[in-house]
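User: I am new to this structure and would like to learn how to read its features. Could you walk me through a few of them?

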Amino acid sequence: DLSVGSTLTSFFLVCLSPGEIVVNEVNFVRKCISAESSQDDLWGKLICTNFKVSFIPQDAPPKQKSQLSHLLLGAHDIPLTCLEQVVTVNDTKGKKKVLGSNQKLKFNPTELILYCKDLRIIRFCFDEAGPESAKKVCLAIAHYSHPADLHLLFGFEYQGRRYHESKGTPVGRVNGSTPRGGLQTPIFDRSSDWDREIKRTGASEWRVCSINENYDISPSLPEQIVVPVSLADQDLKLYSSFFTGNRIPLWCWNHPGGSALVRMASISDPLQQKKIEQRVFTAITKSHPQRSDVFRSDLDKCLPNIQDIQSAFVKVRQICVIDPFEESEERWLSSIENTRWLEHVRAFLKHSAEIVYHLDGKNASVILQEEEDRDLNCVVSSLVQLMLDPHYRSLIGFQSLVQKEWVKAGHRFLDRCNHLKKNYKEESPLFILFLDCVWQMMNQYPAAFEFTETYLTVLSDSMWIPLFSTFLFNSPKQRAQHLMDFAKNKAIPPGEDQVVYFPPVWDWSQQFSTKDQTLFNNPMYIGKGAACVQNGEVKTFKRTKKNYSSTLRGTSASMRNGVKGADETLPRRGSLVSELKPDFSPVKDESPSERFFRDWFSRPADQQGLLIPLLIPSHVALWRLFFLRWVPEACIPKGGPVTAYHKLSQLVDEIDILQSQLRQYKGPSPGSMPLPSPGGPLSDQRRMYFKASSPNDPPTPPDFLTSSFPFTPMGNLCRRSIHGTPISKFLNGARIWLSTETLANDTV
């Protein structure tokens, strides 16, 4: 109907970031909202810039209340780096083509389908658009989403402009003013960060060594490396040539009992292997107060490889996002299990728990060995530290863990994310696998983590926004070289801090408002000094010196109410998932590791102590927010875990207000910061996203709350217009929904 298209006479201007230019555009484009009817579709302009694909609707849609709003990307924007496939379709000729860079298109497209790395699928129709204009914009999107070189990614243009535009203006405060542009997260690009970590973990027999300054030894290791005190620099230089990639062993963490976690590449010279290993092992043994033996774990032999992980991810994405959403939950759940994604998640959690046993239960130092020490070691070393050390379960601690064990340890983000779309064989979602493992632990121990699953999901999305130095490079040396060249090209003064002129992702004020960042805060978190209620009294939690020792135990999910389900199973040797007796009585022929895990699960949980995840299939679940947030059919209105989050946030905000009023009544204690009063001028500084409810608020959750919150599946390609899904498929979410509804309806 031409009359529909002819009414499109006025458009909103596209919002451009510094350095962003419009490359191509086409008018009278229809963005498909429903697969069955065009009734809800949006009409507007499709634009390709050097940063993103942007759709500008003719009629401004009503702003979604309480939806996460990105400061640099609109609701209909997709960064070019986020595009997995650009598919053009001609319905009349029955033709379809996947477009790459510099390709020709022999037909006029009637549709454009964009498959995104954050699992969105967006469809545009050109039935009213000019055929040549439509073809040009499709080719432009394909071309600019396949950059020929790393320095062509938009971040290099954007950060150069941003740096010069911000000169002379005060740096924004990020969670309190600190040096380095307000960043609190250690970057581990200077000795002082490593020294603090050595001191924090009590690793007195380890030292910071600078033999890799200017990346003289290895391009993939950081310039500062923590090594045993007993190993001299000249010996390390000598040994380095025998390791794959010259990667000498890298210290990760120290247990209060003295055991150390170390990661290491394999030794490439078989003739020298035994001699070098013996010297390294001896030095690590000497660093232990009890001189205990070192346990080595070869991850290449016992965990899935990067191709297995990529294959499983492609399959699970196919089932969750691309295939029709199954009505039969049995078939659907079986299909998910058959992808092996959850099996791989379990394998990494299981192996990490076994390493925890050696470090904590046996007080033995552990070497994680992998051929190149840049993939599987990143996942396992991070998970082990997350299980053992509550510091890494705080927001700043977690970010420092990723910086230390992934960014500085030389994980190949450029290749594994395939930002340049050149080598698909090297692509593998190891970082997403790690975040999924973290979510599994959060799901089982909801009060142990300062951050939320929204934070984890946003962090995964940030991998596809090429504006931050965190996820763009393959190694510390590559990062240093590119940023040095970048500074020269953009006339940035020599000696300027790289964190200031090309910031990491950890400065969240680059992407979100202070209000939206409160969605990262977990209202249930029991942190250092956090207040908790015991027997009706508010008590302050205090950490003991044994905060991650084996004397601190936890309880399984079903034991928290003092009842163990008949089908509950707990870790044992080999599988870590064999069933123990309900009364936790000793098992015949029990091994030391079996006893360690049985003891751990038999005692009350300490959210600030050692955490070990349950690994039976019923406890390792699909991360629904990540995999299903864009699927309209899977979206539960007023349902999902967010309903509990909403109610808890309101309660925590109410407690904060009452404490603030109490302090004002008593007078402020020395060093305390009064919290703002409700509705006061500083209300945006409150730490919870949802504010305390008033008597006038309705008892049910607000309409905008869905299981996809704070994201919305609206506008993502769906297979049919039926919304909602069998509630039993999301029983956990449904249970929370019902309980919070009941809670809200109760009158006191």
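Predicted model: local features only at pLDDT ≥ 70, side-chain atom pairs only at ≥ 80, totals over all residues.

**Reading charges, a helix and salt bridges**

Analyst: Residues are numbered from 1 along each chain as its sequence is written, and side-chain values use heavy atoms, leaving out hydrogens and water.

User: Where is Lys106, and is Lys106 buried or exposed?

Analyst: Buried means under 20% relative accessible area, exposed over 50%, and partly exposed in between, with a 1.4 Å probe and protein chains only. Lys106 counts as exposed, at 80% relative accessibility. Its place is the loop between strand S6 (95–99) and strand S7 (111–116). Helices (H or I, at least four residues) and strands (E, at least two) are DSSP runs, numbered from the N terminus.

User: How do I read the sides of a helix, and which residues of H5 are buried?

Analyst: An α-helix has 3.6 residues a turn, so residues three or four places apart point the same way. In H5 (residues 191–201), the buried residues are Asp193, Trp194, Glu197, Ile198 and Thr201. They line one face of the helix, because seen down its axis they fall within an arc of 135°; the arc is that of the directions from the helix axis to the C-beta atoms. Arg196 and Lys199, on the other side of H5, are exposed. Just after H5 comes Gly202, with a positive phi of about 70°.

User: What is a salt bridge, and how many does the structure hold?

Analyst: Side chains of opposite charge can pair when their charged atoms come close. A salt bridge here is a side-chain nitrogen of Lys or Arg within 4 Å of a carboxyl oxygen of Asp or Glu. The structure holds 35 salt bridges. In one of them, the side chains of Asp373 and Arg247 meet at 3.0 Å, N to O. Asp373 lies in the loop between strand S14 (365–370) and helix H12 (376–388), and Arg247 in the loop between helix H6 (233–240) and strand S11 (250–254), so the pair ties together parts 126 residues apart in sequence. Both Asp373 and Arg247 are buried.

User: Which parts does the salt bridge of Lys638 and Asp703 tie together?

Analyst: The side chains of Lys638 and Asp703 meet at 3.1 Å, N to O. Lys638 lies in the loop between helix H21 (624–628) and helix H22 (642–666), and Asp703 in the loop between H22 and helix H23 (731–745), so the pair ties together parts 65 residues apart in sequence. Lys638 is partly exposed at 22%, and Asp703 is exposed at 64%.
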